[in-house]
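Please look over the model shown here. A short briefing on its helices, overall build and backbone follows.

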Amino acid sequence: AYASFHPILKRRTGMGAANRLLANMQTDFFKDASKEFWRSYGDLMESNDAAAHEQLLDVRLYPKPKEAVLRVYVTQSTHKSLTAFRQGSMIHVFDQIFQGGTKTSFKEAYYTHTSTSPNYQILASLDVGRAQMQLEGFEFTMDMLGHAMYLRHHIGGAKHLQKWIRFLDVCDLIPAEFRKAHGKNYFNNDTKQVHRFEDAWLSEDEFVLDPTRLTLYTGQTGINGNDFKVHWLMNKCDIQVNKTSRNSVLFQTNIGTTFSSTTFLIQSLSKCMYQFQKEHIASGGHLSSVWRAAVDGLTKNHALLPDFTEFHASFRPKDTLGNEGSIRDAFYLAFDESNCEFFSVAQARKKVEVDGEVLTGTTFIIPYPPGFPIIMPGQIISVDILDYMQKLDVTEIHGYNPVQGLRVFKQEVLANYKSF
């Protein structure tokens, strides 16, 4: 939400990119490049063969100028960065056919998930926050970015912290193939200095790291993210954070961040690590088999996030790839409990891996963290998905009841059902 008020960061916002795309699409260069692209790759683009699509992964794609419609929708959790009451959010829309085509269906979908009687206090706070940023947005944005880089510099440069915790950087979070142009960390561990993040944001790299999102890696301590949040930050330092993973906690600077708050965080982390090291030495230090097992569990034995498989044939259109399907039909078909059955994860794995059966999910299954689906309605469940579920050490998994087990469609139901 804050990036629109910085001339460099604005380029990578949804609305900033939409305006640039629209301008580019009007140029002769774009039209000529599009013609050449479709002359060279038209057959591959219109093919339903997955192998053909693989050949397009490293090619810059161009739409047909006469058929292209620019449609960009961006959700903004405004309350996380700017002035707004909790849950205050915005949807930014850049859609060339919005007024004449999708406005009505968009509003219906919006009302389905919200209310026709909105909370006017939240709306008023969004208006105040927008007006505030119009007046002072650049200054606030520069301050929050400055505080973020200050934290990276001082946490990264502290020897007593480096041994145990650190902020994950560009090279940790973005694969090398997506940062070929710039690819440098914001903090240089050799010189103990920070680099200009603006260089990365001005590069041609496909992905860049938001400097205000600070992911603190705790794997070397053997303390998982949730325990670090509760037992160390909250109980010992009165610091509350909401986002954690198996081996990290997420901090974030915003327009309300002050120098005193960043200093307090540095002091608190130092206090925690001094106390941790004292307890660590008292319990046997690096010779402790319990500590070594905990570290290995957080740094080596990762549960690899599974790829999307495909939709069951009953839910996908004819002559299309498996990544196209009707989630809606599968979702509502599962409303009838007689269409479903349950298996434990171990039973499901035996059926898929040993017996060769095809199991199909009935609902969204979302472990938190990371907070996004590993199974969707109508999706075929793979061994990789089941392996991931067996290795998960989180207790919050939406859509999954460990007592009942994994909810899937009965084979005979899908044999007699077809969405298309």
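How far apart should the ends of helix 10 (residues 259-282) be at 1.5 Å a residue, and what is the distance between its end C-alpha atoms? Its 24 residues should span 34 Å, and the end C-alpha atoms are 35 Å apart, so the two values agree. The model is predicted. The protein holds 15 helices and 12 strands.

**Helix 10**

- Buried residues of helix 10 are Thr262, Leu265, Ile266, Ser268, Leu269, Ser270, Cys272, Met273, Phe276 and His280.
- An α-helix has 3.6 residues a turn, so residues three or four places apart point the same way.
- Helical cover for the buried residues of helix 10 includes helix 5 (120-156), helix 6 (159-162), helix 9 (225-237) and helix 11 (289-299).
- Strand 6 (213-217) and strand 8 (248-252) are also among the elements that cover these residues.
- Gly284 follows helix 10 and has a positive phi, near 110°.

**Helix 4**

- Helix 4 (residues 98-113) spans only 19 Å between its end C-alpha atoms.
- A straight helix of 16 residues would span 22 Å at 1.5 Å a residue.
- Helix 4 has a kink of about 25°, centred on Thr104.

**Whole protein**

- The C-alpha atoms fill a box of roughly 65 × 60 × 50 Å along the principal axes.
- The protein has 420 residues, and 40% of them count as buried.
- Take the contacts between residues at least 6 apart in sequence: 67% of them join residues at least 24 apart.

- Most residues other than glycine have a negative phi.
- Gln87 is not a glycine, yet its phi is positive, about 80°.
- Gln87 sits in the loop between strand 1 (71-76) and strand 2 (90-95).
- Is Gln87 buried or exposed? Its relative accessible area is 54%, which means that Gln87 is exposed, as the cut-off is over 50%.
- Asp238 also has a positive phi, near 60°, in a residue other than glycine.
- Asp238 lies in the loop between helix 9 and strand 7 (244-245).
- Asp238 has a relative accessible area of 71%, so Asp238 counts as exposed.

How values were computed. Residues numbered from 1 in each chain as written. Predicted model: local features only at pLDDT ≥ 70, side-chain atom pairs only at ≥ 80, totals over all residues. Heavy atoms only, no water. Helix = DSSP H or I, 4+ residues; strand = E, 2+ residues; numbered from the N terminus. Expected span 1.5 Å × (residues − 1). Buried < 20%, exposed > 50% of the residue type's maximum accessible area, 1.4 Å probe, protein only. Contact = heavy atoms within 4.5 Å. Bend = angle between axes of the 7 residues up to and from the residue.
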